[in-house]
Amino acid sequence: MAGTGSSRRTFIAGAGAAAAAGAALTGAGATPAAAAEAGPTSSGRRVAVLGGGVAGLTAAHELAERGYAVTVYERRALGGKARSMDVPDSARGGRRPLPAEHGFRFIPGIYHNLPDTMRRIPFPGNAAGVWDNLVAPREMMFARAAGREDLRGPIPWPGHSPAELTPEEIRRALAGILQTLVRLPPHESAYFVDRVLVFLTSCDERREEVWERTPWWDFVRAERMSNEYRRILAVGITRNIVATKAEEASTRTVGTLGEAFVFNVLGRGADGPPDRILNLPTNEAWIDPWEAHLRSLGVEFRIGWTVREVRYAGGRVSGVAVEGPDGAARTVTADHYVSALPVEHARRTWSAALRAADPMLGRCDKLETDWMTGIQFYLTERAELVHGHLNCIDSPWSLTAIQQAEHWPSRDFPADYGDGTAVDCLSVDISEWDKPGILYGKTAKQCTREEVAREVWAQLKASLNDTGKALLTDTTLHSWFLDPGVDGIGTPHPTNQDELLIHPVGTLYNRPSASTRIPNFFLSGDYVAVDIDLATMEGANASARAAVNALLDRDGSNAARCTVHPMYRAPELEAAKRHDRWRYRLGLRNLFDLG
């Protein structure tokens with residue numbers, strides 16, 4: 001199906017790669033010596049990267065720049081969950097197919113590693129490469145249902161001047177935001193701000209040993225508060241942004257992300273505005289140029305190759321069993337191997353012998369994933385919703401969305417895509433798949449694809465058409481497209497090829513490092529322990545850099561190490577954290593923790 005692939009150019013390149021696969025692949029009984037005949041490179045070392053998502057492409061990029069011969073093995077399409085895709089049979093009159101995606105891209109200013117990579121991907125006419133394709137929405141909105149007023153606010157950028165990061169200034173800024181945008185009772189706003197100050201001034205030990213074990217729901221005392229407080233500051237933050245239930249989510253994870261956004265809004269430690277998206281469909285703006293650049297660096301791609309097992313013998317990875325596009329089993333051999341598959345796929349490929357060699361791999365079985373999947377609605381008239389992201393805070397399925405066409409200035413949507421009548425793409429993420437909806441009384445997993453589309457559309461209208469003005473109308477709905485990675489919904493056995501790592505309490509202790517005890521095997525992916533501590537493209541990128549650095553160390557390479565940018569730490573708060581470390585070791589609460 002066209003929607004599960006990438007561009008035609010990528011498909012042709014993948015077919016050509018498949019035809020040349022014999023240069024790097026041999027039969028199941030092949031020896032490393034046979035595979036080594038693929039040819040020398042400047043470094044003379046070959047790396048097999050397993051997976052072609054953001055983690056895999058980042059690892060390939062960094063390794064190729066350092067002279068390694070890299071082959072990427074990807075079962076489906078380059079870009080992974082970050083890619084865009086074509087809606088099958090949607091093109092007419094020489095236009096491009098309608099663009100679809102697993103979910104809308106969000107590249108906030110708290111990211112530093114991913115933007116650095118984007119600056120190094122050439123794009124015609126852009127001085128800063130693909131990074132110049134990032135644009136900043138002007139505002140955001142919490143869309144309320146049942147006639148309650150929608151909460152809409154501007155995003156303060158560009159020209160935003162940094163504020164002082166004293167506890168009093170942070171308290172003033174956050175209280176103003178909550179009282180202006182969220183309009184909670186003053187005592188609840190004040191309490192939540194105090195909880196934020198507790199986290200901001202907590203030492204690392206308290207975060208890792210206490211807040212990692214504390215659910216966000218308990219940390220913010222949601223049970224004692226109003227429904228408004230719970231919906232926005234407990235459920236809204238965790239389910240819509242971190243894709244984890246508030247009752248289970250690690251306070252350390254939620255707080256770390258929130259801390260970064262607070263600093264970003266206050267103008268500190270930012271690569272750019274708090275909200276950024278691409279000015280084209282993802283493959284056009286980013287993935288296709290990245291693939292072209294990596295090919296220019298000598299990276300080879302095997303698209304349609306599925307990793308089945310990472311084999312272990314003689315104290316190291318001896319080869320990787322793969323299945324080719326023709327269904328034939330082969331063994332890939334290389335000097336080093338970087339596993340860049342999502343954790344739910346990666347851990348199925350780790351053989352018993354490999355797991356025995358590094359018990360850290362076994363702990364990955366405890367990592368949990370959940371569904372967060374996108375659906376796109378194509379409209380024949382532009383709906384006047386909001387110039388940025390909207391969060392349907394009261395929707396049973398925890399919907400977030402953005403109208404994309406206005407942010408794609410370099411494309412004329414109706415002239416360039418589909419049949420020429422769709423003028424906008426409303427891209428929606430469904431974060432909750434296990435609660436009944438408002439139309440059929442069924443969970444998303446219990447609905448058919450058509451029922452999911454109708455239910456999401458009904459929930460959008462309930463959030464946006466509830467104040468007397470019909471912003472979304474059935475007559476303007478052109479068509480819809482649900483991520484093809486979801487299958488079997490409406491049956492007893494629903495599946496999702498693209499689940500998302502979630503972060504219940506204790507997740508930190510099961511996240512592996514990029515370096516393993518196996519000398520030629522490394523891990524890359526958004527489940528690997530990095531500073532951001534969240535399943536994000538930034539985490540995938542940072543983990544790939546860490547994996548490459550570990551590989552260079554093991555190889556004794558004199559190549560420059562990848563820069564791994566840490567999360568921003570405000571120097572003004574370090575004294576408070578040192579004070580809190582003293583209190584923590586004495587068994588005392590944080591200074592701002594009043595209970």
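Modeller: Let us begin with burial: buried means under 20% relative accessible area, exposed means over 50%, and partly exposed lies in between, with a 1.4 Å probe and protein chains only. By that scale aspartate 424 is buried, with a relative accessible area of 1%. Of the 595 residues of the chain, 59% count as buried.

Biologist: On what kind of model do these values rest?

Modeller: This is a predicted model, in which local features need pLDDT of at least 70 and side-chain atom pairs count only at pLDDT 80 or more, while totals for chains, interfaces and linings use all residues. Residues are numbered from 1 along each chain as its sequence is written, and side-chain values use heavy atoms, with hydrogens and water left out.

Biologist: How many helices and strands does the secondary structure of the chain come to?

Modeller: Helices (H or I, at least four residues) and strands (E, at least two) are DSSP runs, numbered from the N terminus. The chain has 18 helices and 24 strands.

Biologist: Which share of contacts in the chain joins residues at least 24 apart?

Modeller: Contact means heavy atoms within 4.5 Å. Among contacts between residues at least 6 apart in sequence, 72% join residues at least 24 apart.

Biologist: How should I read the packing of two helices, for instance helix 3 and helix 17?

Modeller: Axes are lines fitted to C-alpha atoms, for helices over the stretch in contact, and angles run from 0 to 180 degrees between N-to-C directions. Angles under 35 degrees count as roughly parallel, over 145 as roughly antiparallel, 65 to 115 as roughly perpendicular, and the rest as oblique. The axes of helix 3 (residues 54–65) and helix 17 (residues 537–555) come within 8 Å and cross at roughly 40°. Helix 3 is therefore oblique to helix 17.

Biologist: What is the handedness of that crossing, and which residues make the contact?

Modeller: A crossing is left-handed if the near helix is turned anticlockwise from the far one by less than a right angle, and right-handed if clockwise. Helix 3 passes helix 17 in a right-handed crossing. Helix 3 contributes Val54, Ala55, Thr58, Ala59, Glu62 and Leu63 to the contact, and the residues from helix 17 include Met537, Ala540, Arg545 and Leu551. For classes, Ala, Val, Leu, Ile, Met, Phe, Trp, Tyr, Cys and Pro count as nonpolar, Asp, Glu, Lys and Arg as charged, and the others, Gly among them, as polar. The contact of helix 3 with helix 17 has 9 nonpolar, 2 polar and 2 charged residues.

Biologist: At what angle do helix 3 and helix 11 pack?

Modeller: Helix 3 and helix 11 (residues 282–296) pack at about 30°, with their axes 10 Å apart. The two helices are therefore roughly parallel to each other, and helix 3 passes helix 11 in a left-handed crossing. Val54, Leu57, Thr58, Ala60 and His61 of helix 3 meet Trp286, Trp290, His293 and Leu294 of helix 11. By class, this contact has 6 nonpolar, 3 polar and no charged residues.

Biologist: How many salt bridges does the count come to?

Modeller: A salt bridge is a side-chain nitrogen of Lys or Arg within 4 Å of a carboxyl oxygen of Asp or Glu. The count comes to 35 salt bridges. One of them joins aspartate 335 and arginine 45, with the closest N and O atoms 3.6 Å apart. Aspartate 335 lies in the loop between strand 13 (329–332) and strand 14 (336–339), and arginine 45 in the loop between helix 2 (32–35) and strand 2 (46–50), so the pair ties together parts that are 290 residues apart in sequence. Arginine 45 is partly exposed, at 29% relative accessibility. Not counting residues up to four places away in sequence, arginine 45 touches Tyr68, Ala69, Asp335, His336 and Asp555.

Biologist: What does aspartate 424 pair with?

Modeller: Aspartate 424 forms a salt bridge with arginine 382, the closest N and O atoms being 2.9 Å apart. A network of salt bridges also links Glu62, Glu65, Arg66, Asp116, Arg120 and Arg545.
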